[in-house]
Amino acid sequence: MLSTMQDIPLTVTKILRHGMTIHGKSQVTTWTGESEPQRRTFAEVGGRATQLANALRDQLGVDADQRVATLMWNNSEHVEAYLAIPSMGAVLHTLNLRLPPEQLVWIVNHAADRVVIVNGSLIPLLAPLLPHLPTLEHIVVAGQGDRSPLAEAAAQVHEYEELIADRPTTFDWPELDERTAAALCYTSGTTGDPKGVVYSHRSIYLHSMQVNMTEAMGLTDRDTTLVVVPQFHVNAWGLPHATFMTGINMLMPDRFLQPAPLAEMIEKERPTHAAAVPTIWQGLLAEITAKPRDISSMKQVTIGGSACPPALMEAYDRLGVRLCHAWGMTETSPLGTMSHPPAGLTPEEEWPYRISQGRFPVGVEARLIGPAGDLLPWDGTSAGELEVRGPWIAGAYYGGAGGEDFKPEDKFSEDGWLKTGDVGVIAPGGYLTLTDRAKDVIKSGGEWISSVELENALMAHPEVAEAAVVAVPDEKWGERPLATVVLKEGATAGYAELKEFLAESVPKWQLPERWAVIAAVPKTSVGKFDKKVIRRQYADGALDVSEA
Ligand code: AMP
């Protein structure tokens with residue numbers, strides 16, 4: 001028997017229309033580095049998005065599912081692009097401005113981008129790539145920055161403000177199939193070629209609803225969210241769409257991502273929520289320890305992208321700011337879990353739940369696969385690879401991407417689950433604790449050592465700023481951990497002391513014998529520890545390694 005319910009497609013267009021009318025008074029505030037930030041209401045942002053759609057269609061001829069790329073910081077114009085491009089039926093392609101130039105070129109060509117909207121401050125990044133981007137016909141420049149490097153460009157150059165000025169604030173939005181492509185984002189490609197994940201209107205709509213659930217970020221129009229996580233990184237964790245659904249005000253840092261301006265914008269604009277990777281919160285903590293600022297407006301902070309060191313969570317607890325741990329990936333839109341503890345627990349009892357990656361929402365089904373391909377129980381101790389499936393989880397990559405060595409069966413199971421490459425345990429009640437990336441886990445004499453556990457334990461030492469642990473070859477054990485540490489200024493701790501400190505929380509056989517002090521942990525384009533660089537440095541003899 002069929003249902004009697006209406007079958008209305010779930011589209012970004014609906015989110016745009018809803019936000020600009022029902023929540024027309026909510027605001028997008030963009031930091032400018034000057035005395036006053038730029039402020040626009042959702043009604044204005046929605047109106048400008050509609051004008052942008054008109055300009056893209058009438059002047060630039062963007063039609064059907066053509067790709068319109070953005071090379072932009074988090075700001076109002078980028079939100080306008082987020083809403084306009086999918087709503088007109090085209091595909092928004094966010095470009096990661098921290099990728100090496102050759103990867104950017106590869107990605108633009110693979111996606112066959114026809115138009116790019118670029119921030120003026122990023123022209124120096126784009127201009128040298130242009131001779132290698134034959135599909136690009138139009139460049140639209142938004143915001144301040146020297147335009148002269150574009151003088152020789154084969155593509156036509158437009159000014160964003162001029163392009164949208166005097167255009168109608170209505171558009172004949174097409175009736176879209178909710179399963180069609182809305183946005184395209186490539187994984188950072190630490191191994192092999194980057195892989196494109198194509199989000200549908202439906203996946204974005206459902207994911208936004210999940211982001212807004214109390215079990216996830218749970219914000220309303222009384223909140224302001226500081227969106228530090230870049231719009232080029234998994235759609236800023238879904239926030240630009242989720243905010244338009246429920247009228248959450250947005251505070252956008254533009255290019256001012258350093259700890260000092262972040263502290264200043266928090267103190268002045270008083271956001272109630274923020275979202276960013278742990279390295280941002282480490283940096284902010286050091287900043288406000290050196291120069292105290294009032295960050296108490298932030299009631300809840302969503303932290304993810306890599307494991308949150310428990311010591312960091314404790315430090316923010318002392319400041320009255322609750323870090324809420326979340327796990328996800330480009331392939332999962334990204335919200336996969338969030339760590340709200342179950343009801344009825346004391347703060348001490350809540351702690352293990354808070355430092356876990358959190359529990360799965362209804363839209364994310366999970367299973368753990370053991371080393372022999374067997375299904376593992378959710379007993380909190382059996383460790384295996386996490387597989388997930390659900391309406392906002394990728395089932396394939398775009399256009400056969402992934403390079404010659406890429407085998408789809410390495411990422412997708414025969415029965416349609418995404419193989420995450422993350423290793424962990426699931427406790428009864430569905431709380432996930434990740435112990436490692438499958439490729440980072442240290443295989444010592446047939447036992448697994450979690451590099452993340454060693455790092456977290458080391459980063460709890462008062463003189464350690466950062467620590468990264470990698471597997472290195474060992475004649476006797478196959479692999480053993482190498483601990484690389486970044487010491488705080490004026491630190492006096494030696495390797496023996498650090499090892500003793502580790503022994504308080506880690507089994508003896510897991511303690512690293514090899515140690516090196518480094519100036520900074522190498523980071524990927526999205527701010528995660530880049531362990532392959534450390535492994536390479538070790539292999540090349542570029543690290544000053546001591547035995548302890
Ligand atoms: P990306 O697609 O670049 O966002 O990377 C996704 C990967 O980041 C995941 O597969 C995890 O390995 C890692 N990751 C994301 N969130 C967390 C977290 N809360 N704890 C540990 N690792 C995480």
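A salt bridge here is a side-chain nitrogen of Lys or Arg within 4 Å of a carboxyl oxygen of Asp or Glu. Keep that cut-off at hand for the exercises below, which use a predicted model.

**Exercise 1.** Decide whether the partners Lys-531 and Glu-455 are buried or exposed, and find which helices they tie together.

*Solution.* 
Step 1: Check the distance. The side chains of Lys-531 and Glu-455 come to 2.7 Å, N to O, and form a salt bridge.
Step 2: Look at accessibility. Buried means under 20% relative accessible area. Lys-531, at 7%, is therefore buried, and Glu-455, at 5%, is buried too.

**Exercise 2.** Trace the salt bridge of Glu-161 and the network it belongs to.

*Solution.* 
Step 1: Glu-161 pairs with Arg-48, with 2.8 Å between the closest N and O atoms.
Step 2: Since Glu-161 lies in helix α6 (residues 160-164) and Arg-48 in helix α2 (residues 42-58), the pair connects parts 113 residues apart in sequence.
Step 3: Glu-161 is partly exposed at 40%, whereas Arg-48 is buried at 12%.
Step 4: Widen the view. Salt bridges link Arg-40, Arg-48, Glu-77, Glu-80 and Glu-161 in a network, and the whole structure holds 30 salt bridges.

**Exercise 3.** Describe the surroundings of the ligand: how many residues are there, and which polar atoms approach it?

*Solution.* 
Step 1: Count the shell. The ligand is surrounded by 17 residues, with Ala-326, Thr-330, Asp-422, Arg-437 and Lys-528 the closest.
Step 2: Sort them. Five are nonpolar, nine polar and three charged.
Step 3: Ligand nitrogen is found 3.0 Å from a polar backbone atom of Gly-305 and 3.0 Å from a side-chain N or O atom of His-325. A polar side-chain atom of Asp-422 is 2.6 Å from a ligand oxygen.
Step 4: Judge the cover. Of the 500 Å² of accessible area the ligand has on its own, the protein covers 89%.
Step 5: Assign elements. β14 (322-328) and β20 each give two or more residues to the shell, and β14 has the largest share, four residues.

How values were computed:
Residues are numbered from 1 along each chain as its sequence is written. This is a predicted model: local features need pLDDT of at least 70, side-chain atom pairs count only at pLDDT 80 or more; totals for chains, interfaces and linings use all residues. Side-chain values use heavy atoms; hydrogens and water are left out. Buried means under 20% relative accessible area, exposed over 50%, partly exposed in between (1.4 Å probe, protein chains only). A residue is near a molecule or strand if one of its heavy atoms lies within 4 Å of it. A polar contact is a pair of N or O atoms within 3.5 Å; within protein, one must be able to donate a hydrogen and the other to accept it, and residues adjacent in sequence count only if both atoms are side-chain atoms. Accessible areas come from the Shrake-Rupley method with a 1.4 Å probe; for residues, only the protein chains shown count as cover. Ala, Val, Leu, Ile, Met, Phe, Trp, Tyr, Cys and Pro count as nonpolar, Asp, Glu, Lys and Arg as charged, and the others, Gly among them, as polar.
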